[in-house]
Amino acid sequence: MSMRTIKGPAIFLAQFAADTAPHNNLPEIASWAAGHGYKGVQIPSWDARLFDLERAAESKTYCDEVKGILASAGVALTELSTHLQGQLVAVHPAYDLAFDGFAVPEVRNNPAARQEWAVRQMMLAARASRNLGLTAHVTFSGGLAWPFVYPWPQRPAGLVETAFDELARRWQPILDAFDEAGVDLCYEIHPGEDLHDGVTFEIFLERTGNHPRCNILYDPSHFLLQQLDYLDFIDIYHQRIRMFHVKDAEFNPTGRQGVYSGFQPWAQRAGRFRSLGDGQVDFGAIFSKLSQYGFDGWAVLEWECCIKDSEQGAAEGAPFIADHIIRVASRAFDDFAASGVDQATNRKLLGIA
């Protein structure tokens, strides 16, 4: 696989959208992002202040208008996100009330209707991504097995297998729709989802028949918080990594708390998200590995920090990402020492008659 240069910097708009200007409409928030030095924006498809998913699925004219607005501001559209809708494809009953707010009011308090709505949203996202000329899309897998993540009481035999069989059954037609649209569906590997580490991704992938559109959004912050080797993850799964969230985190265990953090608020947790450069993630090594393996997608800031203000985080994020993007080599560093020998000489060097 040839090395490639990562695109960026870009920014995920979900954490910045608000009811006040310049964050409450697409033209102004796009200009705001460009003003901070971003070259691309990732749009949350559920936020009607910025985007109309159903209209985008039905109208290429609308999609051209969206791209035109962004181009006028000086940014490109990197991908769409359906984190909230994807979450609702699979919800354990323990979380029904907590997740109801992710759906439109008319399907709340009705899990079956809510799931049907979520699946339709995903189908719309496939068509909208195609109409926008995108090649990747990010979502969450949802979770049926997550309440049983710690094996106490002992999990009954077959419980996890049954959960992943059902999860794959629900996602298979969605994956097929994205395949028809020519778009990779990238699951953000994330605690709270059934797909929360490499092993669970593999379990799911196998049940989808190794579906070619079943891919990964790589976010090292979630791996650091669960103490997973986020660099080895790239070595193992680089062929399935098609999207990249640049998000920092830190893990500082004490004698009082560790990974589970004792139900504390974010600022008091052993593991917490931080603005870029304020945490412990080795982004130099990450950008090197992704470039080595030929990842040429976007490096997208996802800002979440329990300490720093979002405006400061956004302002610092673009130059941080830009400084880490590697312009890959166009020639070997030792070309100057090439001897220029031919095949006949090579055979002589090896003692081959």
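Visitor: Let's start with R213: does R213 count as buried or exposed, and at what relative accessibility?
Guide: Bear in mind that this is a predicted model. R213 sits in the loop between α8 and β6. The cut-off for buried is under 20% relative accessible area. R213 falls under that cut-off, so it counts as buried, at a relative accessibility of 18%.

Visitor: Which residues is R213 in contact with, leaving aside neighbours within four places in sequence?
Guide: R213 is in the loop between α8 and β6, the strand at 214-218. Leaving aside those neighbours, its contacts are L175, F178, D179, G182, V183, D184 and L185.

Visitor: How do the axes of α7 and α8 cross, roughly parallel, roughly perpendicular or oblique?
Guide: Helix α7 covers residues 159-181 and helix α8 covers 198-207. Their axes come within 9 Å and cross at roughly 60°. That angle makes α7 oblique to α8.

Visitor: And how do the residues of that α7 and α8 contact divide into nonpolar, polar and charged?
Guide: From α7 come E161, F164, D165, L167, A168, W171 and Q172, and they meet T200, I203, F204 and R207 in α8. Sorted by type, the residues of this contact are six nonpolar, two polar and three charged.

Visitor: Which residues have the most contacts inside the largest nonpolar core?
Guide: In soluble globular proteins, nonpolar side chains tend to be buried together. Here the largest nonpolar core has 96 residues. The largest share of this core, 10 residues, comes from α7. The residues with the most contacts inside the core are I11, F51 and W171.

Visitor: What does W171 touch, not counting residues up to four places away in sequence?
Guide: W171 is one of the α7 residues that meet α8. Not counting residues up to four places away in sequence, W171 touches G86, V89, M122, T139, F140, S141, L185, Y187 and F204.

Visitor: Where is N25, and is N25 buried or exposed?
Guide: N25 is in the loop between β1 (7-12) and α1 (26-35). Anything under 20% relative accessible area counts as buried. N25 has 19%, so N25 is buried.

Visitor: Which residues does N25 touch, not counting those up to four places away in sequence?
Guide: A48 is 23 residues from N25 along the chain, and their C-alpha atoms are separated by 8.9 Å. With residues up to four places away left out, N25 touches R49 and L50.

Visitor: What is the handedness of the crossing where α1 passes α3?
Guide: Two packed helices are described by the angle between their axes and the distance between the axes. For α1 and α3 (residues 60-73), the axes come within 8 Å and cross at roughly 35°. As for handedness, the crossing is right-handed.

Visitor: How are α10 and α11 oriented to each other?
Guide: α10 spans residues 230-237 and α11 spans 283-292, with their axes 10 Å apart. The packing angle is about 5°, and angles under 35 degrees count as roughly parallel. The two helices α10 and α11 are therefore roughly parallel.

Visitor: Which peptide bonds are cis here?
Guide: Most residues other than glycine have a negative phi, and most peptide bonds are trans. Another has omega near 0°, and its P153 is in the loop between β4 (136-139) and α7.

Visitor: What is the phi of F263, and is F263 buried or exposed?
Guide: F263 lies in the loop between β8 (248-251) and β9 (271-274). Its phi is positive, about 60°, although F263 is not a glycine. Over 50% relative accessible area counts as exposed. At 85%, F263 is therefore exposed.

Note on methods
Residues numbered from 1 in each chain as written. Predicted model: local features only at pLDDT ≥ 70, side-chain atom pairs only at ≥ 80, totals over all residues. Heavy atoms only, no water. Axes fitted to C-alpha atoms, helices over the stretch in contact; angles between N-to-C directions. Helix = DSSP H or I, 4+ residues; strand = E, 2+ residues; numbered from the N terminus. Parallel < 35°, antiparallel > 145°, perpendicular 65-115°, else oblique. Contact = heavy atoms within 4.5 Å. Nonpolar A, V, L, I, M, F, W, Y, C, P; charged D, E, K, R; others polar. Core = buried A, V, L, I, M, F, W, Y, C linked by side-chain atoms within 4.5 Å. Buried < 20%, exposed > 50% of the residue type's maximum accessible area, 1.4 Å probe, protein only. Left-handed = near helix turned anticlockwise from the far one by under 90°.
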